[in-house]
Amino acid sequence: MPNYRRARAPGACYSFTVVTAYRRPILVQSNIELLRGIVAGVQALFPFQIDGWVILPNHIHAIWQLPEDDCDYSKRWGLIKAGFSRESGLSRSDGIGCDARVWQPRFWEHLIRDESDWRRQMDYLHFNPVKHGLVEQVREWPYSSFHRLVRQGFYDRDWGLANNGPDSGFGER
């Protein structure tokens, strides 16, 4: 089995991408509510702060700040993915020979280096529903921390229109 190198810095801020198996669009409204509950449960056991979050039909982007003495984001994602797979019922086989996985193995993580990097990651995350053609404006996507950040004054309500999106500097994920 490969030995993946992961950034591990206690108390750091990380950006994540987690993808469904075969990019199936399983993250629909009822499953999103289930996912939120599971995340809250994991957060109660192993605290972390959610700076940014967007749930699309086949993947999730998130930015987390971990506690000062902790760098084990893998445990948190493992519990979230396992809990969702178990509770959703999606991991049951659809028929003979079907692969019943819910999530792609592993996930993508990025150790955020500074405030500029954090802002770039936040902009990328929130603009993602527009980038994938799901909505014309960031504010139209309901499954995003964008709405909380507008209320807090971090983003303007009209930020991220399809024709003036951020230059994220990232490739497709």
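User: Why is Ser85 called buried?

Analyst: The word buried stands for a relative accessible area under 20%, exposed for one over 50%, and partly exposed for what lies in between, using a 1.4 Å probe and the protein chains only. Ser85 has a relative accessible area of 14%, so Ser85 is buried. This is a predicted model, in which local features need pLDDT of at least 70 and side-chain atom pairs count only at pLDDT 80 or more, while totals for chains, interfaces and linings use all residues. Residues are numbered from 1 along each chain as its sequence is written, and side-chain values use heavy atoms, with hydrogens and water left out.

User: Which residues are in contact with Ser85, leaving aside its neighbours within four places in sequence?

Analyst: Contact means heavy atoms within 4.5 Å, and with those neighbours set aside Ser85 is in contact with Leu90, Ser91, Val102 and Trp103. Ser85 itself belongs to helix α2, where helices (H or I, at least four residues) and strands (E, at least two) are DSSP runs numbered from the N terminus.

User: How do you know that the length of α2 agrees with what its residues should span?

Analyst: The expected span of a helix is 1.5 Å times one less than its number of residues. For the 16 residues of α2 this gives 22 Å, and because the end C-alpha atoms are 22 Å apart, the two values agree. After α2 comes Gly89, whose phi is positive, near 80°.

User: Which residues of α2 are buried, and what covers them?

Analyst: The buried residues of α2 are Tyr73, Arg76, Trp77, Ile80, Lys81, Gly83, Phe84, Ser85 and Ser88. Their cover includes β1, α1, β2, β3 and β4 (108–111).

User: What makes a group of residues a nonpolar core, and how many residues has the largest one here?

Analyst: A nonpolar core is a set of buried Ala, Val, Leu, Ile, Met, Phe, Trp, Tyr and Cys residues joined through side-chain atoms within 4.5 Å. The largest such core has 43 residues, and those with the most contacts inside it are Leu27, Ile60, Trp64 and Trp77. At least two of its residues are supplied by each of β1 (13–19), α1 (29–45), β2 (49–55), β3 (59–65), α2 (73–88), α3 (115–131) and α4 (146–151). Trp77, not counting residues up to four places away in sequence, touches Phe16, Val18, Trp53, Ile60, Ala62, Trp64 and Phe107.

User: How do you know that the buried residues of α1 line one face of the helix?

Analyst: The buried residues of α1 are Asn31, Ile32, Leu35, Ile38, Val39 and Val42. The arc is taken from the directions from the helix axis to the C-beta atoms, and down the axis of α1 the buried residues fall within an arc of 125°, so they line one face. On the other side of α1, Gln29, Ser30 and Ala44 are exposed, whereas the cover over its buried residues includes β2, β3 and α2.

User: Why do Glu33 and Arg36 count as a salt bridge?

Analyst: A salt bridge is a side-chain nitrogen of Lys or Arg within 4 Å of a carboxyl oxygen of Asp or Glu. The N to O distance between the side chains of Glu33 and Arg36 is 2.8 Å, and the pair therefore meets the rule. Both residues lie in α1, three residues apart, about one turn of the helix. Glu33 is partly exposed at 42% relative accessible area, and Arg36 is partly exposed at 38%. By this rule the count comes to seven salt bridges.

User: Are Asp117 and Arg113, which form a salt bridge, buried or exposed?

Analyst: Their closest N and O atoms are 3.5 Å apart. Asp117 is buried, since its relative accessible area is 1%, while Arg113 is exposed, with 58%.

User: What does the salt bridge between Asp158 and Arg139 tie together?

Analyst: The side chains of Asp158 and Arg139 meet at 2.0 Å, N to O. Asp158 lies in the segment after α4 and Arg139 in the loop between α3 and α4, so the pair ties together parts that are 19 residues apart in sequence. Asp158 counts as partly exposed at 39% relative accessibility, as does Arg139 at 26%. Elsewhere, salt bridges that share partners join Arg113, Asp117 and Arg120 into one network.

User: How many helices and strands are there in the protein, and which pattern do they follow?

Analyst: The protein has four helices and four strands, which follow the pattern β-α-β-β-α-β-α-α along the sequence. Buried residues make up 43% of its 173 residues.
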